[in-house]
Amino acid sequence: MERPPVFQQRYEDLEILNSEYGKNMIKLLRIRRDSKQHHIKEVEACVHIRLDSVNEYVHGDNSAVIPTDTIKNIVIALAKCNGIDTIEQFALDICNHFMSSFSHVVYIKTYIQELPWRRLQQKGIPHVHSFIFVPEGIRFCEVEQSPNGRPVIFSGIKDLKLKKTGLSGFEGFHRDKYTTLPETTDRVLSAELFCKWCYDECQDIDFDCIWDIVHQSVLEAFAGPPECGEYSPSYQKTVNDIQMLVLARVPQLKEVEIILNNIHYYDSDLKKLGLSSEKEVMIPVETPYGSCTCILRRKKCLEEQA
């Protein structure tokens with residue numbers, strides 16, 4: 001096969017749209033010891049920066065490049081010197097350090113997720129230095145900042161697995177010649193949830209309190225009242241119910257994004273085993289799976305942007 005001709009390409013005819021770089025998966029465990037009582041934060045951080053020039057890309061000039069190993073060391077040093085009260089404040093500390101220490105850094109984005117360790121209790125008594133891994137969703141945050149600009153803060157929950165075995169259905173949907181799905185008013189609603197929200201104000205935020213409120217609101221809106229539950233006509237309506245409750249309870253938030261991945265369960269065929277089927281033994285189907293996404297924002301924020 002004949003090789004295609006190679007034409008001379010001039011840099012003047014090209015434009016670099018983005019030239020970020022950084023360090024991913026910086027893992028650390030921060031222990032704060034108050035006498036016998038220990039407090040821990042185990043986190044994974046990703047820090048990416050953009051410089052005011054692209055000489056390292058175009059000319060191979062590394063004189064302005066902050067090595068990614070230095071980025072990792074800065075994160076570790078800040079964890080030692082400042083501690084980690086919340087992952088949001090830690091991300092703000094990282095962004096502030098780069099903005100104040102390097103005049104040629106024009107943008108920084110920091111992503112941090114926290115491993116869900118909870119203090120171990122024995123007979124209702126909190127242990128002084130032992131913890132248990134409780135995966136009720138992974139807490140994460142993202143902070144972006146540019147020089148002379150206020151930081152943009154996102155917080156969120158991911159990998160939250162939820163399931164309810166009643167009061168869920170799907171009917172009245174559009175049909176064509178390829179539709180084989182039967183309508184139902186009784187199905188298992190099983191999902192993996194991603195929830196991310198953006199703060200309208202960045203001052204005096206109690207990040208722990210707001211995360212707890214959002215987490216609890218997600219559970220309440222998904223399940224309904226504990227004594228009777230609440231009917232869900234679709235995954236989309238459940239997503240909207242969660243977003244509406246979160247925005248009603250937390251006025252500091254300007255938008256909420258939710259991704260709900262649907263894990264299907266089908267009734268097992270027990271007739272061939274000589275048994276009756278009453279939807280007691282269900283078979284999960286992990287792929288393919290449905291997914292719905294919605295970002296809900298307060299109108300006043302859209303008007304202010306306009």
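Which side chain makes a polar contact of 2.5 Å with the side chain of Asp34? The side chain of Arg32 does. A polar contact here is a pair of N or O atoms within 3.5 Å; within protein, one must be able to donate a hydrogen and the other to accept it, and residues adjacent in sequence count only if both atoms are side-chain atoms.

## About the model

This is a predicted model, in which local features need pLDDT of at least 70 and side-chain atom pairs count only at pLDDT 80 or more, while totals for chains, interfaces and linings use all residues. Residues are numbered from 1 along each chain as its sequence is written, and side-chain values use heavy atoms, with hydrogens and water left out.

## Around Asp34

Let's stay with Asp34, which lies in strand 1 (residues 21-34). Helices (H or I, at least four residues) and strands (E, at least two) are DSSP runs, numbered from the N terminus. Asp34 is partly exposed because its relative accessibility is 35%; buried means under 20% relative accessible area, exposed over 50%, and partly exposed in between (1.4 Å probe, protein chains only).

The side chain of Asp34 also makes a polar contact with the side chain of His39, at 3.4 Å. Val128 is 94 residues from Asp34 in sequence, yet their C-alpha atoms are 9.7 Å apart in space.

## Salt bridges

Side chains of opposite charge can pair when their charged atoms come close. A salt bridge is a side-chain nitrogen of Lys or Arg within 4 Å of a carboxyl oxygen of Asp or Glu, and by this rule the count comes to 15. Among them is the pair of Asp34 and Arg32 (2.5 Å, N to O). Arg32 is partly exposed, with a relative accessible area of 43%.

Another salt bridge joins the side chains of Arg50 and Glu20 (2.7 Å, N to O). Arg50 belongs to strand 2 (residues 37-51) and Glu20 to the segment before strand 1, so this pair ties together parts that are 30 residues apart in sequence. Glu114 and Lys41 also meet in a salt bridge (3.2 Å, N to O). Here Glu114 is in strand 3 (residues 105-114) and Lys41 in strand 2, so the pair ties together parts 73 residues apart in sequence. Glu114 is buried at 12% relative accessibility, and Lys41 is buried with a relative accessible area of 14%. Elsewhere, Glu88, Arg139 and Asp208 are linked in a network of salt bridges.

## A hairpin

Strand 4 (residues 117-122) pairs with strand 5 (residues 125-133) in the antiparallel sense, over five bridges. Two strands pair if DSSP finds at least two bridges between them. Arg118 stands opposite Ile132 in strand 5. Two residues sit between the strands of this hairpin, where Lys123 takes a positive phi near 55°.

## The nonpolar core

In soluble globular proteins, nonpolar side chains tend to be buried together. A nonpolar core is a set of buried Ala, Val, Leu, Ile, Met, Phe, Trp, Tyr and Cys residues joined through side-chain atoms within 4.5 Å. The largest one has 59 residues, and those that touch the most other members are Ile49, Ile94, Phe98, Ile112, Trp197, Val214 and Leu253. Helix 3 (residues 87-101) gives the most to this core, with eight residues.

## Cysteines

A disulfide is a pair of cysteine sulfur atoms within 2.5 Å; by this rule the count comes to zero. For Cys209, the nearest cysteine sulfur is that of Cys195, 16 Å away. For Cys292, the nearest cysteine sulfur is that of Cys294, 8.5 Å away. Cys292 counts as buried, at 10% relative accessibility.
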